[in-house]
Amino acid sequence: TQVPLQIRSLMDTESFVAAIRRHVRDAAVQDTLGKLTSPPGRRVPPAKAARSAWFKTLNEADADHVKCVGEDAVDEAIFGLLAVLDGSRVIGDGRFDLFHVDSAKVLLNDPEAIGLNEVFNARE
């Protein structure tokens, strides 16, 4: 069962990045590990079944290393996406404006403020 995304009504850069860390990063790592230990579906593709069988043979230390590599990969992907939103990694002409709209409209990637990627990289 998924927990609904609960964010205070006035979003800012730090709370946005914290929500991304919790609801995207942590969920991706847990979902990936869950599917690695128990691939879903009746017809699991052979490659996924083989990875699952291999993972189940690992001792605790080796399994933890795999988890850490997964966390690192997710962190790099999120950092890269946030760098694109900040404009420090360019993928085209122009720039992105990321707003959270609730009772107020808040620019989350203000070019005059600390970057989303920097907030994410600071770790909690």
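## Gly87 and the H3–E1 loop

Gly87 sits in the loop that runs between H3 and strand E1 (99-101), where helices (H or I, at least four residues) and strands (E, at least two) are DSSP runs numbered from the N terminus. With a relative accessibility of 40%, Gly87 counts as partly exposed; on this scale buried means under 20% relative accessible area, exposed means over 50%, and partly exposed lies in between, with a 1.4 Å probe and protein chains only. Gly87 and Asp72 are 15 residues apart along the chain, and their C-alpha atoms are separated by 22 Å.

## Basis of the model

This is a predicted model, in which local features need pLDDT of at least 70 and side-chain atom pairs count only at pLDDT 80 or more, whereas totals for chains, interfaces and linings use all residues. Residues are numbered from 1 along each chain as its sequence is written, and side-chain values use heavy atoms, with hydrogens and water left out.

## Overall architecture

The protein has four helices and two strands, and their order along the sequence follows the pattern α-α-α-β-β-α. The radius of gyration, taken over C-alpha atoms, is 18 Å, while a compact globule of 124 residues would have a value near 14 Å; the globule rule behind that comparison is 2.2 Å times the number of residues to the power 0.38. Along the principal axes, the C-alpha atoms fill a box of roughly 50 × 30 × 30 Å.

Of the 124 residues, 28% are buried. Among the contacts (heavy atoms within 4.5 Å) with a separation of 6 or more, 55% are accounted for by residues 24 or more positions apart.

## Surface and charge

The protein exposes about 8,700 Å², of which carbon and sulfur atoms supply 55%; accessible areas come from the Shrake-Rupley method with a 1.4 Å probe. There are 15 positive and 19 negative side chains, and the centres of the two sets lie 11 Å apart. In this count Lys and Arg are positive and Asp and Glu negative, while His and the chain ends are not counted, and each charge is placed at NZ of Lys, CZ of Arg, CG of Asp or CD of Glu.

Ser52, in helix H2 (residues 46-56), is buried, with a relative accessible area of 3%. A polar atom of the Ser52 side chain lies 2.7 Å from the backbone oxygen of Leu36.

Not counting residues up to four places away in sequence, Asn117 touches Phe79, Leu82, Ala83, Asp86 and Ser88.

Cys68 is found in helix H3 (residues 60-86) and is partly exposed, with a relative accessible area of 32%. Although Cys68 and Val29 are 39 residues apart along the chain, their C-alpha atoms are separated by 9.2 Å.

Ala113 occupies the loop between strand E2 (105-107) and H4, and at 41% relative accessibility Ala113 also counts as partly exposed.

Key:
A polar contact is a pair of N or O atoms within 3.5 Å; within protein, one must be able to donate a hydrogen and the other to accept it, and residues adjacent in sequence count only if both atoms are side-chain atoms.
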